[in-house]
Amino acid sequence: MRKKNRTAPRKGPQKKSRLVSYLTHHLQMLIASLGYLTRQPVSTLMTSAVIAIALALPAGLYIALDNASRISADWDGSTLISLFLKPEVSIQQAEKLASRLRKSAEIEAVSIIDRDQGLKQFQKISGFGDAIEFLDDNPLPHVITVQPVVDQQRPDKVVHLVKKLQSENLVELAQLDMQWVKRLYTLLDLAQRGVWIVGSLLALAVLLIIGNTIRLDIQNRREAIEVSKLIGASDGFIRRPFLYTGLWYGISGGLLAWLLIAVSLGILENPVQELAVLYHSSYELTGLSSSDLASLILISCALGLGGSWLAVGRHLSDIEPS
Amino acid sequence: MIRFDNISKRYPGGFDALSRVSFHLPRGQLAYLTGHSGAGKSTLLKLIALIERPTRGQIFLDGVNLTNIRNRRIPQIRRHIGIIFQNHHLLYDRRVFDNVAMPLVIQGYRHREINKRVRAALDQVGLLNKEKANPITLSGGEQQRVGIARAIVHKPTLLLADEPTGNLDPDLSREIMALFARFNMFGTTVLIASHDLDLIRQTGFPSISLNKGTIEHNDLLTLDPLARAV
Ligand SMILES: Nc1ncnc2c1ncn2[C@@H]1O[C@H](COP(=O)(O)OP(=O)(O)O)[C@@H](O)[C@H]1O
Ligand SMILES: [Mg+2]
């Protein structure tokens with residue numbers, strides 16, 4: 001039997017290649033940090049819940065706003081601009097103007113109420129029917145009603161359109177019905193900014209919560225860190241488990257936030273539908289779309305990583321073997 | 001292997017732990033570092049392991065000047081050193097096997113190679129049957145030997161031991177010292193700090209003795225022709 005040479009070269013197949021060893025360590029730490037968290041389920045759950053609440057709040061407000069703006073979008077159909085034409089304008093001129101307006105991209109629909117028709121309507125609605133019979137002359141002008149194309153994001157466009165119509169030669173007065181739509185938009189816009197501010201503050205809170213949790217983790221594992229440094233572990237190697245722990249906090253917090261939102265929507269669904277029935281509407285609540293969910297998880301992951309990065313950067317270098 | 005060139009170490013607060021210490025420990029040599037408590041033995045070892053930095057002078061390890069090593073390169077240096085402490089620094093949250101495997105894991109050894117080497121190291125310190133135990137269940141002497149296994153598992157070229165027999169009885173102490181002598185036979189350079197003069201005399205290896213931070217006596221001078229020339 002031939003004797004095999006068993007002395008392998010000092011650096012050869014005994015070690016993994018740098019890249020392989022780097023990647024396996026990442027994978028190992030991804031799993032190990034999850035194991036670490038599941039071995040202390042109560043504190044993990046509590047931390048995740050705090051993160052979840054901090055994330056669910058702005059996300060819930062975002063959904064509420066989204067729903068509110070959809071309600072107002074339903075009402076946009078009733079946003080009308082009335083053009084009272086000058087008294088001397090004839091019906092032919094009015095029709096010419098109307099057909100020109102129909103071609104505008106900013107305008108959805110145009111209709112004409114001629115002065116006789118207008119008078120009849122006025123008689124009917126106002127109850128002045130008899131009194132108006134005594135008038136020799138119809139005092140009303142022709143009226144063109146314009147339904148603008150409403151851009152959710154740019155309520156000011158309607159106002160701009162009104163100004164433009166006002167400057168038409170034949171128009172005596174252009175009047176936007178429903179000033180309150182504009183007010184609602186302003187309010188929604190304000191609320192949206194509010195959500196951004198609240199959201200940013202709560203994101204900062206999540207960053208600090210995760211940072212603090214990781215800081216405590218670092219302190220708890222002080223001894224292991226010291227030993228690792230002593231036997232030549234690189235900073236990256238020591239950082240990794242903590243960064244992955246932060247990432248897991250982010251993921252679990254994000255998923256839990258989504259769960260909170262889903263449950264809350266479930267609770268609100270019936271009352272909202274009852275309300276809708278009262279208003280003869282078929283309005284339904286919309287929750288988070290899958291892309292919203294993806295951004296929620298992405299944001300919480302980023303916060304988890306960011307928070308742990310802050311903690312690791314500040315506190316790992318404090319721990320040196322002595 | 002190790003050369004100290006007029007090394008002084010002043011700790012923050014102004015205490016001079018070492019003053020103008022020079023010596024040369026040749027490759028493959030085993031030597032003891034002796035001296036009263038507070039003489040500066042631990043400080044000297046910490047300077048080699050880059051746990052502390054000298055205030056003045058230069059240290060060469062295997063030809064590399066440690067004085068201007070950047071922090072980023074420290075891990076690379078430490079991977080060539082095995083360090084054994086009086087308080088053995090074992091981690092009680094993992095098995096004996098995993099404690100010993102740490103240096104190999106850090107350096108990215110393959111799974112099979114880790115198994116082989118950890119077993120070999122545990123075998124050398126006579127603890128192969130304890131690989132699955134938690135170190136907290138072991139006696140003081142056994143824990144110290146686990147620490148030694150961890151220090152030699154990656155086959156370092158230099159072994160530093162700070163009072164490795166500090167709280168062990170004489171028989172166990174002799175056993176541990178014999179272990180170091182065996183590693184030395186296989187070519188590892190070894191420096192052991194100890195105040196157990198009787199034990200050291202028995203073993204017959206050279207020693208450097210420190211007194212209040214200065215070298216009082218150095219056996220290596222009579223051994224090493226290179227050092228004598230200097
Ligand atoms: N981190 C430190 N800060 C200040 N003084 C220290 C520090 N470490 C050690 N010393 C002092 O330096 C001297 C030498 O300590 P040390 O090297 O531990 O001696 P030995 O190991 O020989 O007992 C002692 O007087 C000790 O008090
Ligand atoms: Mg000491």
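Analyst: Two strands count as paired if DSSP finds at least two bridges between them. The model is predicted.

Start with the hairpin in chain B. Strands β4(B) and β5(B) form it, with 2 residues between them. β4 covers residues 56-61, and β5 covers residues 64-65. The two run antiparallel and are joined by 2 bridges. Phe60(B) stands opposite Asn65(B) of β5(B). In the turn, Asp62(B) has a positive phi of about 55°.

β4(B) also pairs with β1(B). That pairing is antiparallel too, with 5 bridges. Here Ile2(B) has Leu61(B) of β4(B) as its bridge partner.

Phe4(B) lies in β1 (residues 2-10) and Phe23(B) in β2 (residues 16-25), 19 residues apart.

Now the open sheet. Its 6 strands follow the order β6-β7-β8-β3-β9-β10 in chain B, with mixed pairing. β6 (81-84) and β10 (214-218) are the edge strands; each has a single partner, so one side of each is left without a neighbour in the sheet. Neighbouring strands are turned by 20° against each other on average, direction ignored.

Within this sheet, β3 (residues 30-35) and β9 (residues 207-211) of chain B pair in the parallel sense over 4 bridges. Thr34(B) has Ser209(B) of β9(B) as its bridge partner. Helix α1 (residues 41-48) of chain B packs on the sheet.

Next, a helix pair in chain B. The axes of α5 (residues 140-152) and α6 (residues 170-185) come within 11 Å and cross at roughly 10°. That angle is under 35 degrees, which makes α5(B) roughly parallel to α6(B). On the α5(B) side, the contact residues are Gly141(B), Gln144(B), Arg145(B), Ile148(B) and Ile152(B). On the α6(B) side they are Leu172(B), Glu175(B), Ile176(B), Leu179(B), Phe180(B) and Phe183(B). These contact residues divide into 7 nonpolar, 2 polar and 2 charged.

A word on confidence in the other chain. Chain A averages a pLDDT of 83, and 86% of the residues score at least 70. Residues 1-11 of chain A fall below 50. Beyond near neighbours in sequence, that stretch has 4 contacts in the model.

Definitions and conventions: Residues are numbered from 1 along each chain as its sequence is written. Chains are lettered from A and ligands numbered from 1 in the order in which they are written. This is a predicted model: local features need pLDDT of at least 70, side-chain atom pairs count only at pLDDT 80 or more; totals for chains, interfaces and linings use all residues. Side-chain values use heavy atoms; hydrogens and water are left out. Axes are lines fitted to C-alpha atoms, for helices over the stretch in contact, and angles run from 0 to 180 degrees between N-to-C directions. Angles under 35 degrees count as roughly parallel, over 145 as roughly antiparallel, 65 to 115 as roughly perpendicular and the rest as oblique. Contact means heavy atoms within 4.5 Å. Ala, Val, Leu, Ile, Met, Phe, Trp, Tyr, Cys and Pro count as nonpolar, Asp, Glu, Lys and Arg as charged, and the others, Gly among them, as polar. pLDDT is the predictor's confidence in each residue, from 0 to 100.
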